[in-house]
Amino acid sequence: MKILDFKLFDNISERSQNELLKLDFFSKNYESGDKVLGKEEDLTYVMFIDQGCLKACEYTINGKEIVSSYYFAGDAFPFYLYFGHTRKFPYDVYAIKKTKVYFLPLKEFEKIMDTDIVLTKNILKFVAEYTCFNKLVIRATQYSKVSQRLAYWILHLQEVDYLKLPTSQTMLADILRVNRPSLNQELKKFAEDKAIYIEGMEIRVLDRDYLLKFID
């Protein structure tokens with residue numbers, strides 16, 4: 001994927017396209033497990049993921065790893081940190097598969113955004129979708145049981161942008177803050193009770209009333 005093929009640049013002006021291509025941007029390739037960024041590193045670039053997947057990791061006081069976010073192919077980050085006046089990364093970032101990332105200098109990128117209303121709207125929409133996704137996760141994880149968190153998530157799948165849909169049970173377990181075996185057990189039970197249909201990581205609701213009973 002070329003840099004201008006990213007969804008964030010849909011319908012921007014020709015002038016903005018030319019200015020973007022003049023930026024001193026670069027790309028890097030990572031293998032699974034490679035560290036992309038470290039906590040407390042300066043936030044100077046916006047990252048566009050061409051292929052693969054990254055995870056943002058934070059740690060409890062006991063040293064337990066918590067995956068706070070996943071970033072997939074076609075995604076970009078961390079606009080919410082930059083425009084929230086955070087200037088250092090609050091977490092470590094790792095590749096979880098072969099990943100290619102474009103790095104664009106943020107200050108120069110912001111100058112282009114200031115002169116292109118379409119680009120500004122695209123970024124606002126992107127940040128809003130990211131915020132709504134995090135709110136959905138917060139609401140789901142307020143429930144104490146795995147079955148409740150999973151039922152809430154499934155009932156609100158239509159609110160999740162396709163770029164942010166987890167591609168494995170491990171990812172979904174991390175998002176819902178549950179362990180994978182328990183998640184797998186509940187998914188199987190929902191499927192056996194014909195409340196959902198599962199094919200890979202695609203989940204289709206068959207019986208909303210069944211799922212609603214878990215969260216009412």
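Colleague: How many residue pairs are in polar contact across the interface of domain 1 and domain 2?

Modeller: This is a predicted model. Across that interface the rule finds 2 residue pairs in polar contact, both at pLDDT 80 or more. A pair counts if its N or O atoms come within 3.5 Å. The count of salt bridges between domain 1 and domain 2 is 0.

Colleague: Which strand gives the most to the side of domain 1 that touches domain 2?

Modeller: Strand β5, residues 65-72, with 5 residues. The residues on that side divide into 8 nonpolar, 2 polar and 2 charged.

Colleague: What are the bounds of domain 1 and domain 2?

Modeller: Domain 1 covers 5-128 and domain 2 covers 142-211. Their C-alpha centres lie 27 Å apart.

Colleague: How many residues of domain 1 are in contact with domain 2?

Modeller: 12 residues of domain 1 are in contact with 11 residues of domain 2, contact being heavy atoms within 4.5 Å. The area buried between the two domains is about 860 Å², and carbon and sulfur atoms give 60% of that area. In domain 1, K7, Y70 and F72 lose the most area to domain 2, together 54% of what that side buries.

Colleague: What makes the pair D92 and K35 a salt bridge?

Modeller: The closest N and O atoms of D92 and K35 are 3.8 Å apart. The cut-off is 4 Å between a side-chain nitrogen of Lys or Arg and a carboxyl oxygen of Asp or Glu, so a pair within that distance is called a salt bridge. D92 and K35 therefore qualify. A search of the whole structure finds 6 salt bridges.

Colleague: Why does the pair D92 and K35 tie together parts that are apart in sequence?

Modeller: D92 lies in strand β7 (residues 92-95) and K35 in strand β2 (residues 35-37), so the pair ties together parts 57 residues apart in sequence.

Colleague: Which peptide bond is cis, the one from F77 to P78 having what omega?

Modeller: The bond from F77 to P78 is cis, with omega near 5 degrees. P78 lies in the loop between β6 (76-77) and α2 (79-82).

Colleague: What is the phi of H85?

Modeller: H85 has a positive phi of about 65 degrees although it is not a glycine. H85 lies in the loop between α2 and β7.

Colleague: Which residues does UniProt list for the cyclic nucleotide-binding domain?

Modeller: The unreviewed UniProt entry lists residues 8-113. Over residues 8-113 the chain is 20% helix and 41% strand, with the end C-alpha atoms 11 Å apart.

Notes. Residues are numbered from 1 along each chain as its sequence is written. This is a predicted model: local features need pLDDT of at least 70, side-chain atom pairs count only at pLDDT 80 or more; totals for chains, interfaces and linings use all residues. Side-chain values use heavy atoms; hydrogens and water are left out. UniProt positions are given in the numbering used here, feature names are shortened, and annotations may be inferred rather than shown by experiment. Helices (H or I, at least four residues) and strands (E, at least two) are DSSP runs, numbered from the N terminus. Domain bounds come from an automatic or database domain assignment. Buried area is the accessible area (1.4 Å probe) that two parts lose on being put together, summed over both. A polar contact is a pair of N or O atoms within 3.5 Å; within protein, one must be able to donate a hydrogen and the other to accept it, and residues adjacent in sequence count only if both atoms are side-chain atoms. Ala, Val, Leu, Ile, Met, Phe, Trp, Tyr, Cys and Pro count as nonpolar, Asp, Glu, Lys and Arg as charged, and the others, Gly among them, as polar.
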